[in-house]
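Welcome! Open your viewer, load the model, and follow along as we go from one selection to the next.

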Amino acid sequence: MKSLNYEDLPDRVYRDAQRGDLTAQEAVVRHHQGPVRAWIAAHCPAGADADDIAQRTFLAALERIDMFEIGTRFRAWLFTIARYQVMTETSRLRRHADYHSRYAPELLAAELERRARESKSDEDLRVVHLRDCVEGLEDHLKQFVNWRYTDRIPLADMAERTGRSVPAIKKQLWLIRKTLQTCIDTKMTAQSGGIA
Amino acid sequence: MTPHQEFEKHWTDYLEGELDDAGMDALKKLLESDPDLQERAADYLQTHRLLGFIADDHELGRELFVKDTMASLPKSDESFVASVMGRRRRTERRSGAGRFTRRLAAAAAALVLLGVGFLFVKPDAHPTVVRVESLHGKIHWTGNGGRVIDDIKPDTELGGGTFECFTSDGWLELVFPDETRVTLSGQSMLTLSDFGQKELRIRRGAFSIKARKQPPGKPILVFTPSAKAEILGTQLNIVAEPLSTRIAVNEGRVRVTRVADGQTEDVTADHYVVAALEQHTAFKAVPRQKSVDAWRDSLPKGITYGKWDPPAEGRAGSVRATPMLHREPDKPDKPMLLYVAALKLSVDDQPPTVIRDGARLRVRGRLRSDHAVVFGFTATHARGGFAGKYLVYRDIKAGDRFEVVIPLADFKRKREQFPESSVGLEVYDFWMVSLHKDVGLSIEHVALDNGTQKSGG
């Protein structure tokens with residue numbers, strides 16, 4: 001099964017990290033940061049800073065790393081902490097009086113929260129599939145993805161570059177996102193053996 | 001419009017941050033009416049988030065995340081002792097270790113607390129030297145083998161390294177563990193360290209230092225291109241330029257050494273000294289000058305940002321605003337261009353200029369097209385350090401020339417921690433900025449009057 005590089009670190013690294021070895025602790029952060037940050041990016045509430053939550057997750061994990069039982073799955077243990085940090089941030093943001101008018105419709109926020117709470121997997125394979133799906137786009141469509149997410153160019157600038165109107169650019173982005181979503185759904189379904 | 005079409009319209013606006021209140025209400029109604037759509041919207045949102053994550057997931061970003069996380073680990077002796085004691089308690093429970101282990105644990109804790117803990121202290125390459133109390137503007141910190149951090153936040157703890165403030169309206173307030181405070185204001189650059197004795201190497205700029213009493217034999221050492229100062233416990237202001245340094249002492253006493261020839265001068269409260277690289281200039285502490293309440297520019301002297309255009313036929317000399325890239329802390333991905341002209345008041349040993357009730361700023365300049373211009377100034381406490389930054393917007397009409405007269409009471413403080421009224425403070429510098437576009441902003445004349453002079457001309 002395709003994975004986000006889940007080959008765990010040797011037990012001795014975790015033992016060294018428990019003993020306070022900074023090099024070992026850094027290795028732990030480096031090895032697990034990709035999947036943790038991806039999962040948090042997908043599940044954190046609207047208005048939150050995903051990397052901020054990710055950093056708090058690692059700091060909390062390293063602070064109590066001596067509670068981790070050597071020989072068990074570190075990533076699963078780490079994701080429990082990540083889930084807790086996301087829930088904590090969700091509760092904090094919900095206390096803003098105007099949160100739902102400012103950031104996200106209530107039902108959408110509730111659905112994200114449910115997914116974060118119930119997520120059993122300690123990996124988000126969607127990231128792997130999404131990279132493949134983006135790679136599979138035609139070049140001119142991939143360009144829009146780069147402009148929007150890498151270069152963060154305003155829609156008006158995209159319109160100017162392509163000689164199209166802003167509504168046309170919005171339509172294009174909608175179609176690209178829909179295409180990518182269909183691609184991810186297909187790959188996820190295929191991966192789970194065709195069971196919906 | 002079908003519900004699907006309506007969702008498509010509102011959803012894209014939502015993801016692009018363009019959804020207004022009416023659109024948000026419409027989106028909520030659509031989601032309420034269709035549970036499948038709620039699930040679909042959540043899928044789309046997560047995919048959108050992951051696209052952003054993938055775009056930012058590069059080698060440098062990953063490395064920065066790891067380094068930043070490691071630098072944020074708690075470093076205090078108390079937390080280390082707590083973790084050592086915690087581990088040892090669990091070890092005792094598991095192995096039945098008795099009095100020897102407990103004595104060893106207590107001894108380890110005592111040694112750390114006595115500061116003789118080099119055998120037990122975690123090997124830590126990034127000890128905290130200062131905490132950031134407050135900041136504004138474009139500020140970088142370079143430390144730890146050349147790593148640059150440009151999104152510093154208040155309460156960040158940092159090790160030794162170099163701070164650089166790039167903007168006239170910027171400032172940075174740092175606090176050492178012993179509550180010694182250092183404030184940088186405007187374009188300035190400082191390297192600091194503490195290996196048992198604090199050292200501040202000022203490359204350029206304006207600084208205030210409020211130093212707590214230092215241990216005997218370990219004064220704070222301040223180095224500038226032309227001077228060295230030893231500070232035991234005092235408040236002083238330093239303005240460092242490539243060829244000279246002005247050190248004004250407000251409390252206590254400072255020993256200043258002129259680098260060019262090694263001459264020393266003790267500077268006491270309410271005195272100042274100028275240490276220039278040229279040895280033939282006077283190097284003597286003199287009493288602080290009596291402040292004045294009116295000032296006019298000495299252009300081209302005093303320019304701290306912008307380009308001087310010399311006078312030409314039919315046209316006065318002027319400081320042309322030049323570009324500067326700026327990022328607001330809460331919008332790091334949306335940099336904006338500022339066009340800045342800035343000048344400081346005190347040149348050629350002019351006395352400090354105090355702000356009286358009714359004071360006004362008069363500015364004459366040129367602008368190619370109608371545009372809003374930000375006018376601002378930095379204030380210091382009389383006989384004290386950095387006080388704050390104040391600014392005001394004015395819409396300026398284009399034309400051959402403009403002239404504005406702005407009461408200083410119209411300038412608003414940039415932060416609530418600054419004094420609400422600038423009356424009684426002294427002006428350090430002025431700056432003028434046009435945002436986003438080069439509209440040809442240039443300044444020919446700036447003056448501060450106390451409100452009794454006639455305006456115009």
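A salt bridge is a side-chain nitrogen of Lys or Arg within 4 Å of a carboxyl oxygen of Asp or Glu. Keep in mind that this is a predicted model.

**Stop 1: a pair across the two chains**

Select A:Arg115 and B:Asp43. Their side chains form a salt bridge, with N and O 2.7 Å apart. Between chain A and chain B the count is eight salt bridges. Now widen the selection to A:Glu111, A:Arg114, A:Arg115, A:Glu118, A:Asp185, B:Arg40 and B:Asp43: salt bridges link these residues in a network.

**Stop 2: the interface**

Show both chains in separate colours. Here 57 residues of chain A are in contact with 52 residues of chain B. The two chains bury about 5,200 Å² between them, and 61% of that lies on carbon and sulfur atoms. On the chain A side, pick A:Leu108, A:Tyr149 and A:Trp174, which lose the most area to chain B and together make up 13% of what that side buries.

Which helices of chain A each supply at least two residues of the side that touches chain B? Colour helix H2 (22-43), helix H3 (50-63), helix H5 (99-102), helix H6 (106-118), helix H7 (125-135), helix H8 (139-151) and helix H10 (166-191) to see them. The largest share comes from H2(A), with twelve residues. Sorted by kind, the residues of this side of chain A are 28 nonpolar, eleven polar and 18 charged.

**Stop 3: the nonpolar cores**

Hide the surface and select A:Ile40, A:Phe74, A:Leu130 and A:Leu180. Within the largest nonpolar core, which has 63 residues, these four touch the most other members. Then move to B:Val132, B:Trp141, B:Cys165 and B:Phe176, which are among the 40 residues of a second, separate core.

**Stop 4: chain B as a whole**

Show chain B on its own as a cartoon. Its secondary structure comes to six helices and 30 strands. Of the 457 residues in chain B, 48% are buried. Among its contacts with a separation of 6 or more, 57% are between residues 24 or more positions apart.

**Stop 5: salt bridges inside chain B**

Over all chains, the whole structure holds 47 salt bridges.

Start with B:Glu133 and B:Arg131, a salt bridge whose closest N and O atoms are 2.9 Å apart. B:Glu133 is partly exposed at 28% relative accessibility, and B:Arg131 is partly exposed at 24%.

Next, select B:Lys397 and B:Asp370, whose side chains meet in a salt bridge at 3.9 Å, N to O. This pair links distant parts of the chain, 27 residues apart: B:Lys397 is in the loop between strand E26 (386-396) and strand E27 (399-407), and B:Asp370 is in the loop between strand E24 (360-367) and strand E25 (371-380). Is B:Lys397 buried or exposed? B:Lys397 is exposed, because its relative accessible area is 63%, while B:Asp370 is partly exposed at 47%.

Finish at B:Arg401 and B:Glu444, a salt bridge with its closest N and O atoms 2.9 Å apart. B:Arg401 is in strand E27 and B:Glu444 in strand E30 (residues 442-449), so this pair too links distant parts of the chain, 43 residues apart. B:Arg401 is partly exposed with a relative accessible area of 43%, whereas B:Glu444 is buried with 8%.

Technical notes: Residues are numbered from 1 along each chain as its sequence is written. Chains are lettered from A and ligands numbered from 1 in the order in which they are written. This is a predicted model: local features need pLDDT of at least 70, side-chain atom pairs count only at pLDDT 80 or more; totals for chains, interfaces and linings use all residues. Side-chain values use heavy atoms; hydrogens and water are left out. Contact means heavy atoms within 4.5 Å. Buried area is the accessible area (1.4 Å probe) that two parts lose on being put together, summed over both. Helices (H or I, at least four residues) and strands (E, at least two) are DSSP runs, numbered from the N terminus. Ala, Val, Leu, Ile, Met, Phe, Trp, Tyr, Cys and Pro count as nonpolar, Asp, Glu, Lys and Arg as charged, and the others, Gly among them, as polar. A nonpolar core is a set of buried Ala, Val, Leu, Ile, Met, Phe, Trp, Tyr and Cys residues joined through side-chain atoms within 4.5 Å. Buried means under 20% relative accessible area, exposed over 50%, partly exposed in between (1.4 Å probe, protein chains only).
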